[in-house]
Every structure is written in structure tokens, then in C-alpha cells.
Amino acid sequence: MTEAGFKDQRAYPRRQMARRATIMLSPTREMECPTRNLSRNGAMIELDEPVDLPKRFVLDLSGNIVVRRVCDLIWQDGTAIGVTFTVLRGVQVTQFNLD
């Protein structure tokens, strides 16, 4: 189901954007993808092709500064995904065993 099919239950408003991000699946496996919108606690991302993603992964949103967020996959409809940013105490972004 696409984002438009959901009742908006967001705690923070999202800003529309077209910025490249990188899904970091492991230390050696990454996928570039555009971020469609972004809020303080989540994002909508468009994949180049449908991919089975893990429930939790790291999203690199770096631009002028390094910004990496641990994400939980909330929904996926083909190439569109919705994620929420997760706070994990004591976990470094270089660790990929996030369960």
C-alpha cells in the first residue's frame, strides 16, 4: 500500500525532498536510493527495484555532515518504503547486527 493509502498518524510533519540516500545492509553491501520525504522520526524512500529488505537497517543521509540513522521498516509497496528512525543506546553505526 502506498503512503497515500494510509491514515496520517505521524507525530512530526514530513518535508518533500529528492535527495539521494544509501541503505547500508552490511559493511560490504549498500543500495543508493532517493528519499521522497523526511521528518524528525522517519522517511519515505523509493527503491530502484523491489527488494526484500531486512526489518532493521542503517540509512546514510550524509551530505555536508555524516548522518546515519538506524531504521525500522514500517511498510513496503513495491519500490516505495516507509521507515521510522530508531534510537538504540550503545550501538555504533558501524555495527550491522541490529536485532
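**Salt bridges and a nonpolar core**

Biologist: Which side chain meets that of Asp 72 in a salt bridge, 2.6 Å from N to O?

Modeller: Happy to start there, with a note that this is a predicted model, where local features need pLDDT of at least 70, side-chain atom pairs count only at pLDDT 80 or more, and totals for chains, interfaces and linings use all residues. Residues are numbered from 1 along each chain as its sequence is written, and side-chain values use heavy atoms, leaving out hydrogens and water. A salt bridge is a side-chain nitrogen of Lys or Arg within 4 Å of a carboxyl oxygen of Asp or Glu. Here the partner of Asp 72 is Arg 56.

Biologist: How many residues apart in sequence are the parts that Asp 72 and Arg 56 tie together?

Modeller: Look at the strands (DSSP runs of E, at least two residues, numbered from the N terminus). Asp 72 lies in strand 5, residues 68-77, and Arg 56 in strand 4, so the parts they tie together are separated in sequence by 16 residues.

Biologist: Is Asp 72 buried or exposed?

Modeller: Buried means under 20% relative accessible area, exposed over 50%, and partly exposed in between (1.4 Å probe, protein chains only). Asp 72 has 15%, so it counts as buried.

Biologist: How many residues apart are Arg 20 and Glu 32, which link distant parts of the chain?

Modeller: The side chains of Arg 20 and Glu 32 meet in a salt bridge at 3.7 Å, N to O. Arg 20 sits in strand 1 and Glu 32 in strand 2, and their separation in residues is twelve.

Biologist: How many residues are in the largest nonpolar core?

Modeller: Such a core is a set of buried Ala, Val, Leu, Ile, Met, Phe, Trp, Tyr and Cys residues joined through side-chain atoms within 4.5 Å. Ile 23, Leu 47 and Leu 53 have the most contacts inside it, and its number of residues is 18.

Biologist: How far apart in space are Arg 19 and Cys 33, C-alpha to C-alpha?

Modeller: Arg 19 is in strand 1, and it touches Cys 33, among others, where contact means heavy atoms within 4.5 Å. The two are 14 residues apart in sequence, and their C-alpha to C-alpha distance is 8.4 Å.

Definitions and conventions
Helix = DSSP H or I, 4+ residues; strand = E, 2+ residues; numbered from the N terminus. Lists of a residue's contacts leave out its neighbours within four places in sequence.
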